[in-house]
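Open your viewer and get ready to select a few things in turn. This tour tells you what to pick next and what you will find there.

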Amino acid sequence: MPVQTVNGVQVWQRRDRVGAFKHWLGWLVGTLIFLGCWHIISEATTWAFVWDAPQQGGQLLSRMIPPRWSYLNQLWQPLWDTLNIATLGTILSVAIALPLSFLAARNTTPHPIARAIALVVIVTSRSVNSLIWALLLVAIIGPGVLAGVLSIALRSIGFLGKLFSEAIEEIDQLPVEAITATGASEFSILTYGIVPQVLPTFAGVSVFRWDVNIRESTVLGLVGAGGIGISLSASVNGLQWSQVSVIFIAIFAMVFLSEWVSATVRKSII
Amino acid sequence: MTQASPSRRWSPPPLIRNPFQRWALILGAIVYLLLAISTLRIDVARIIQGLDRGSRMFAGFLQPDFVSRWTDIQAGILESLTMTVVATVIGVAISIPIGFGAARNVAPLPIYLFCRAWVALARTFQEVIIAILFVVMMGFGPLAGVLTLSFTTIGFLAKLLAEDIEEIDPSQVEAIRATGASWLQVMTYGVLPQVMPRLVGLTVYRFDINLRESAVVGLVGAGGIGSTLQTAFGRYEFDTAGAILLIIIGLVMVTEIASGVIRKQLQ
C-alpha cells in the first residue's frame, strides 16, 4: 500500500504513482472512445426531432389515455396465441436441447466431433435473436403462429443446450461410478446416474426460459409471426394509441403472471 | 408397494408425490397441448410454396455476398458497435445510482420503492416495444436505438447490482462508518469495492447483450445492422442478408468469447 511522507506526516494513498497513471490513462482512453462513438451517433441524428421529443411524448401519452378498454375483447385470441407460441416453442426446444446437451457435455459426449457439432449448433442458435429467426421463417413458411413457435424454439435451443450441458458437466461422479460398478448398461447409467442429478436444474432452466419466451413472443407479431405483436403493429401503424395502451397493459399483466408462475415453480423445485 | 407384487421391483419416486395432483397435472397438460396445437393452423400449401423461397434463401446463405452492399454493411456494423458502446456507458452510469437505490440495506424505503418500480418497468417490456416508442418520439435513427438499449440496460444491471449490494458483508461497512465517514465515503470505500468485480463483469456481459440487441432494434427503424438486414430482406437480396447474418453471428461470438475471458479473469 503506497504511503507518502509529506512534511513529516505519512499520507495514505490508494495507488502508487504508476498505478495512478495507468488508471488515469484507462479513463482517458475510455472517455475518448465514448466521445468518438457519441459523435458518430450524433451525426446520424436529426436533432430537431429530438428537441421535439418531449412534446411528441406528451401528445403520445395524451392519446394513450384513456385506454380504449373495449378493444380488450379483440385481444383474447392474440393473447392465447402468444401463450401458445411461448409454450409450444419452449416444449419443442426442450425436446431438441435434451439430446443435444448430452452430446455437448464433455463427460457424456460419445465423440469429440459430435461435441464440436453440438457446440456449433448451440452457439449459432444463441447468436441469432428470435425476432431475426422469425423474419427468416415468415419468409419461408408464411406468417402465422407456426413461424412464431419455430423461431422461439430455434432461439431457445442454444440457451437451453448451453445451460443443460453445463449442468451435466457439473454432476457428482460418485453416483455414476456406483451405478457403473453394478454392471449397468450405458443407458441405465444415464437414466439412474446422471438424469436424477440434473433433472431439477433442467426443469428450473426450462421454466425460466418459458418466462423469457413469453416476453419475446409478444413482439414476434411485428414481423408477422403471430401473437399479440400483430395487434400491436396494426395499432401503431394505424396510430390507434388508445388501443396501444390496452395492449401494453395486457402484455404487462401477462409478463407479470408468467414471472410469478415461473418463480413459484422454480421455488418448489429447488 | 402392494404386497401382492410377486417380485419386489423398485421404481424411482415420482416428481410429484400426491397421485391426484400428478394425474391432474398430466391430464391438464395433455388437454392444453391438444388445444394449443389445434390453433396452429398449419397451411401445407403455403409451406410448400415457401420452400422454394426457403431454398433460394438457403442458397444465398451458402454463398453470402459481402461485396455488392459492402458500404451499407460496413456502415451498419459501425453504427451497431457505436450504439452498443454509447448505450452501455449511459446505461451503466444510470444503473449505478438506481442499483444503490434499489438495495434495501443502503437505501431508505421511499427511494427503494421508487427505484424498484423503475427497474420493474424497464424489465417488463421487450426491447423492440420500447424501441417503437422511442422511434415514434425521436424519429428514425440510431439515437432511438441508443436510448432503448440504455433503458433496458438499467432494468438488467440495476437489478443485479442491487441484489449484489444486498448480499455484501456488513462488517466492512460498519468499520468504515466507525471512522466517522460520510454516506458517500461509506459507499465508495465500504460498499463499492465489494461489488466492483461483479459490476465490471456484469457491464462486460451487458455489452455483449447490447450488441446482440442492437441487431434487432434496427428492425423497427432504430438504426444499426438490423436496419441493413431489414433492407436486404425487403429487396429479396438473400445473399446480402446471409452475409449480414454471418457477420452478426461472428461479431456476437467474438464478443461472447472476449466477455467470457474478461469475466473469468475478474473472478
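**Stop one: chain B as a whole**

Select chain B: among its contacts between residues at least 6 apart in sequence, 72% join residues at least 24 apart. Two residues are in contact here if their C-beta atoms, placed from the backbone, lie within 7 Å. Before moving on, keep in mind that this is a predicted model, in which local features need pLDDT of at least 70, side-chain atom pairs count only at pLDDT 80 or more, and totals for chains, interfaces and linings use all residues. Residues are numbered from 1 along each chain as its sequence is written, while chains are lettered from A and ligands numbered from 1 in the order in which they are written.

Now colour chain B by secondary structure.

Of the 267 residues of chain B, 41% count as buried. A residue is buried if 20 or more other C-beta atoms lie within 10 Å of its own, exposed if 12 or fewer, and partly exposed in between, with C-beta atoms placed from the backbone.

**Stop two: the domains**

Select residues 18-62 of chain B as domain 1 and 68-266 as domain 2; such bounds come from an automatic or database domain assignment. Their C-alpha centres lie 34 Å apart, and the contact takes four residues from domain 1 of chain B and four residues from domain 2 of chain B.

Over in chain A, select 3-62 for domain 1 and 71-269 for domain 2. The C-alpha centres of these chain A domains are separated by 38 Å.

**Stop three: where the chains meet**

Show both chains. Here 45 residues of chain A are in contact with 45 residues of chain B. Which helix gives the largest share of the side of chain A that touches chain B? Helix H6 (residues 130-141) of chain A does, with seven residues. That side of chain A divides into 30 nonpolar, 12 polar and three charged residues. In this count Ala, Val, Leu, Ile, Met, Phe, Trp, Tyr, Cys and Pro are nonpolar, Asp, Glu, Lys and Arg charged, and the others, Gly among them, polar.

The axes of H6(A) and H2(B) come within 6 Å and cross at roughly 125°, which makes H6(A) oblique to H2(B). Axes are lines fitted to C-alpha atoms, for helices over the stretch in contact, and angles run from 0 to 180 degrees between N-to-C directions. Angles under 35 degrees count as roughly parallel, over 145 as roughly antiparallel, 65 to 115 as roughly perpendicular and the rest as oblique.

To see the residues, select Leu136(A), Ala139(A), Ile140(A) and Ile141(A) in H6(A); they meet Arg46(B), Ile47(B), Gly50(B), Arg53(B), Gly54(B) and Met57(B) in H2(B).

**Stop four: two loops of chain A**

Select Pro66(A), in the loop between helix H3 (53-64) and helix H4 (76-104) of chain A. The peptide bond from Ile65(A) to Pro66(A) is cis, with omega near 0°.

Finish at Leu239(A), in the loop between helix H10 (228-237) and helix H11 (241-269) of chain A. Leu239(A) is not a glycine, yet has a positive phi of about 55°. Is Leu239(A) buried or exposed? Leu239(A) is exposed, because it has 11 other C-beta atoms within 10 Å.

Definitions and conventions. Helix = DSSP H or I, 4+ residues; strand = E, 2+ residues; numbered from the N terminus.
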